[in-house]
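Please keep the sequence and the model at hand while reading.

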Amino acid sequence: GIGANFILLENNEFHHNVLEQKILEGHGHRVRNNWYHDTKVGTWFDGDNSDVIIEDNLYDNIEFEALFYEISELGTIRRNVVNTAETCMFLSTSKNTQVYDNEFNSCWRAVTVFLQCAALVDPNPHQIGPWDLTGNTITNNTIRMGTRAGSRASALTDAGVGQGCDAATVAPYYSNAKNNNWVGNHYYMQALGGTEWEWNNLTR
């Protein structure tokens, strides 16, 4: 949907849907107590959304992103359970969003925070003001890693130099001048010694 406000999605089952199932340019949406399974993407807000709450949903066997909050603001993403997805939580170029009390299980990428640099200089007018990746908090989530090679528990990455992410542009994000924080999360690894965290293309 585009341009609608105060959408309530509650107590539904979503499955076997095509990729482009998303909501754009809206305010005050609530997504709660739904079951998403065997589908391409779970809950996807893409562009100029504000004051969105995504809570108490269950996601099983999602091919790509289970929770996808993109170029939006003031999101609350809490108490969701994801069981198997390529990415449990993808937070892209959004601001002042809280991700907490979720369970992320067996995802190749558990939590990815992503900078889309081209969005920072988009000349079009926007409902939520200048787009940015700032003021986000990921806290008190439980992350249980799977066994797929190259898995990441948490990552802060960008779109790359070819997409406008030169060293000067990305510097305040990787120095954390933009105040994107991971606090008090609980990680369960399959084994020690892997490279489960990624920051500015560096892993550990």
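## Val111 and the main nonpolar core

Once its neighbours within four places in sequence are set aside, Val111 is in contact with Met89, Phe104, Ile138, Ile143, Ala153, Ser154, Ala155 and Trp182. The model is a predicted one, and these contacts are computed from its atoms. Val111 also belongs to the largest nonpolar core, which has 35 residues, and it is one of the members that touch the most others, together with Ile54, Tyr59, Leu67, Val82, Met89 and Phe104. Two or more residues of this core are given by each of β6, β7, β9, β11, β14 (152-158) and α2 (167-174), and the largest share, 6 residues, comes from β11. Apart from this core lies another, of 5 residues, which include Val41, Trp44, Phe68 and Phe90. As a general background, nonpolar side chains tend to be buried together in soluble globular proteins.

Which strands does β9 pair with, and in what sense? Strand β7 (residues 58-70) pairs with strand β9 (residues 81-92) in the parallel sense over 9 bridges, and β9 in turn pairs with strand β11 (residues 103-115), again in the parallel sense and over 9 bridges.

## Aromatic pairs

The count of aromatic pairs comes to 9. One of them joins Tyr36 and Tyr59 in a stacked arrangement, with 4.8 Å from centre to centre and 10 degrees between the planes. This pair links distant parts of the chain, as Tyr36 lies in strand β4 (residues 35-39) and Tyr59 in strand β7, 23 residues apart. Tyr36 is buried, with a relative accessible area of 5%, and Tyr59 counts as buried at 0% relative accessibility.

A further pair, formed by Phe90 and Phe114, is tilted, with 5.5 Å between the centres and 40 degrees between the planes. Because Phe90 lies in strand β9 and Phe114 in strand β11, the pair ties together parts that are 24 residues apart in sequence. Phe90 has a relative accessible area of 15% and is therefore buried, the limit being under 20%, and Phe114, at 18%, is buried as well. Ring pairs join Phe90 and Phe114 with Trp44 and Phe68 into a cluster.

## Arginines over Trp108

Which residues lie over the face of Trp108? Arg109 lies there at 3.8 Å from the ring centre, and Arg148 also lies over the face of Trp108, at 4.1 Å from the ring centre.

## A buried asparagine in a loop

Asn49 has its place in the loop between β5 (43-46) and β6 (50-55). Is Asn49 buried or exposed? With a relative accessible area of 0%, Asn49 is buried, and its side chain reaches the backbone nitrogen of Gly26 at 3.0 Å. Leaving aside neighbours within four places in sequence, Asn49 is in contact with Ile23, Leu24, Glu25, Gly26, His29, Tyr69, Ile71, Ser72, Glu73 and Ile128.

Note on methods
Residues are numbered from 1 along each chain as its sequence is written. This is a predicted model: local features need pLDDT of at least 70, side-chain atom pairs count only at pLDDT 80 or more; totals for chains, interfaces and linings use all residues. Side-chain values use heavy atoms; hydrogens and water are left out. Two strands pair if DSSP finds at least two bridges between them. Helices (H or I, at least four residues) and strands (E, at least two) are DSSP runs, numbered from the N terminus. Buried means under 20% relative accessible area, exposed over 50%, partly exposed in between (1.4 Å probe, protein chains only). A polar contact is a pair of N or O atoms within 3.5 Å; within protein, one must be able to donate a hydrogen and the other to accept it, and residues adjacent in sequence count only if both atoms are side-chain atoms. Contact means heavy atoms within 4.5 Å. Rings of Phe, Tyr and Trp (its six-membered ring) pair if their centres lie within 6.5 Å; planes under 30 degrees apart count as stacked, over 60 as edge-to-face and the rest as tilted. A charge sits over a ring if NZ of Lys or CZ of Arg is within 6 Å of the ring centre and within 35 degrees of the ring normal. A nonpolar core is a set of buried Ala, Val, Leu, Ile, Met, Phe, Trp, Tyr and Cys residues joined through side-chain atoms within 4.5 Å.
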